[in-house]
Amino acid sequence: MIQFAEQIRRRGETIGLVPTMGALHEGHLSLIRAARRQTDTVVVSIFVNPLQFGVREDFARYPRNLSRDLALAKREGADVVFAPSREEMYPRGACAIVEVEGLSDQLEGALRPGHFRGVATVVAKLFNIVQPTIAYFGQKDYQQAVIIKRMVEDLHWPVRIDVLPTVRESDGLAMSSRNVYLSTVERRQAVALSQALKAAHEAIRGGERRAQALRRRMQAVMRQQALIRVQQIGIVDAATLTPVAQLKGRAAILVAAFVGTTRLIDNLLVDVT
Ligand code: AMP
């Protein structure tokens, strides 16, 4: 992969990287399409990164289907699928790690200690191996995108980070590889996460600026579904991820909830004048 990337860069051509954990869906495919439009060679990486999973999380059962992923990536015009083994990515464990301090401890990071260290470390490795001109991420994982942007800024990495909108099912549920865990009834109830964000958005359009009132409104929507257990509603400054009491400027509203035993996340960006 490194040699191939070097050849391309020597020819003065650009490389687009779409890092994924596989089980590709339309969200991933939208990133591949953007890379296809904007760069000469498109690399999709598929690696279920053990370092970003907590001990009680779903690493072992995370959906894996390489042959299907290869067919989808090919159909969308990817030139390379880079699917390294755990031994190739961590031949001697993970002694050198990348920590984006502060941003990584909040919100998702507070609930999943070490998660963003795992993410930043594997993305740093992928950037060194694939040498992308542009790397593509989804807004679905909003905090992750903020952290990766900060990592490349702080470490002067010569790579552009593009963040693309969340792709949703027709009822509004954010696409996720984890949606396959949902039973039929859970799947029906899971839409409440996006409905809660929609309710917050409407309240904001109607003039509501108080974070606490928005949070209550969102909770009321999700409480209607018996199988949903809200874990966190973060209402934060979109750039710094610090909580705000009153919306002002660009804000992010992030929700994490269990639907049955499946943990889902979603978010909304709003510009408030
Ligand atoms: P994952 O395979 O879940 O690690 O995701 C790989 C990339 O795809 C990340 O940048 C995600 O933010 C992005 N992604 C996941 N789901 C969606 C979605 N529904 N819409 C847009 N991007 C997504």
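## Arg 75 and the basis of the model

Arg 75 is exposed, with a relative accessible area of 55%. Here, buried means under 20% relative accessible area, exposed means over 50%, and partly exposed lies in between, with a 1.4 Å probe and protein chains only. Arg 75 lies in helix H3, residues 66-75. Helices (H or I, at least four residues) and strands (E, at least two) are DSSP runs, numbered from the N terminus. Val 163 is 88 residues from Arg 75 along the chain, and their C-alpha atoms are separated by 22 Å.

The model is predicted: local features need pLDDT of at least 70, side-chain atom pairs count only at pLDDT 80 or more, and totals for chains, interfaces and linings use all residues. Residues are numbered from 1 along each chain as its sequence is written, and side-chain values use heavy atoms, with hydrogens and water left out.

## Ligand shell

How many residues surround the ligand? The shell holds 17 residues, and the closest are Met 21, His 28, Asp 141, Val 167 and Met 175. A residue counts as near a molecule or strand if one of its heavy atoms lies within 4 Å of it. By class, the shell has 8 nonpolar, 7 polar and 2 charged residues. In this scheme Ala, Val, Leu, Ile, Met, Phe, Trp, Tyr, Cys and Pro are nonpolar, Asp, Glu, Lys and Arg are charged, and the others, Gly among them, are polar.

Strand S1 (15-20), helix H2 (26-38) and strand S4 (134-138) each supply at least two shell residues. H2 gives the largest share, 3 residues.

## Polar contacts and cover

A polar contact is a pair of N or O atoms within 3.5 Å; within protein, one must be able to donate a hydrogen and the other to accept it, and residues adjacent in sequence count only if both atoms are side-chain atoms. His 28 places a polar side-chain atom 2.8 Å from an oxygen atom of the ligand. Backbone atoms take part too. A polar backbone atom of Met 21 is 2.9 Å from a ligand oxygen. For Gly 138, a polar backbone atom is 3.0 Å from an oxygen atom of the ligand. On its own, the ligand has 480 Å² of accessible area, and the protein covers 93% of that. Accessible areas come from the Shrake-Rupley method with a 1.4 Å probe; for residues, only the protein chains shown count as cover.

## Nonpolar core

The largest nonpolar core has 40 residues. Such a core is a set of buried Ala, Val, Leu, Ile, Met, Phe, Trp, Tyr and Cys residues joined through side-chain atoms within 4.5 Å. Val 123, Phe 127, Ile 148, Met 151 and Ile 161 have the most contacts inside the core.

Helix H1 (2-10), S1, strand S3 (80-82), helix H6 (115-130), S4, helix H7 (142-154) and strand S7 (249-259) each supply at least two core residues. H6 provides the largest share, 10 residues. Domain 1 (2-164) and domain 2 (177-268) each contribute at least three residues to this core. The domain bounds come from an automatic or database domain assignment.

## Positive phi in two loops

His 156 is not a glycine, yet its phi is positive, about 55 degrees. His 156 sits in the loop between H7 and strand S5 (160-164). His 156 counts as exposed because its relative accessibility is 68%.

Leu 241 also has a positive phi, near 65 degrees, in a residue other than glycine. Its place is the loop between strand S6 (228-237) and S7. Is Leu 241 buried or exposed? Leu 241 counts as buried, at 1% relative accessibility.

Gly 118 is in helix H6. At 0% relative accessibility, Gly 118 is buried. Gly 118 and Met 222 are 104 residues apart in sequence and 30 Å apart in space, C-alpha to C-alpha.

Gln 189 is in helix H8, residues 184-190. Gln 189 is buried, with a relative accessible area of 12%. Arg 263 is 74 residues from Gln 189 in sequence and 13 Å away in space, C-alpha to C-alpha.
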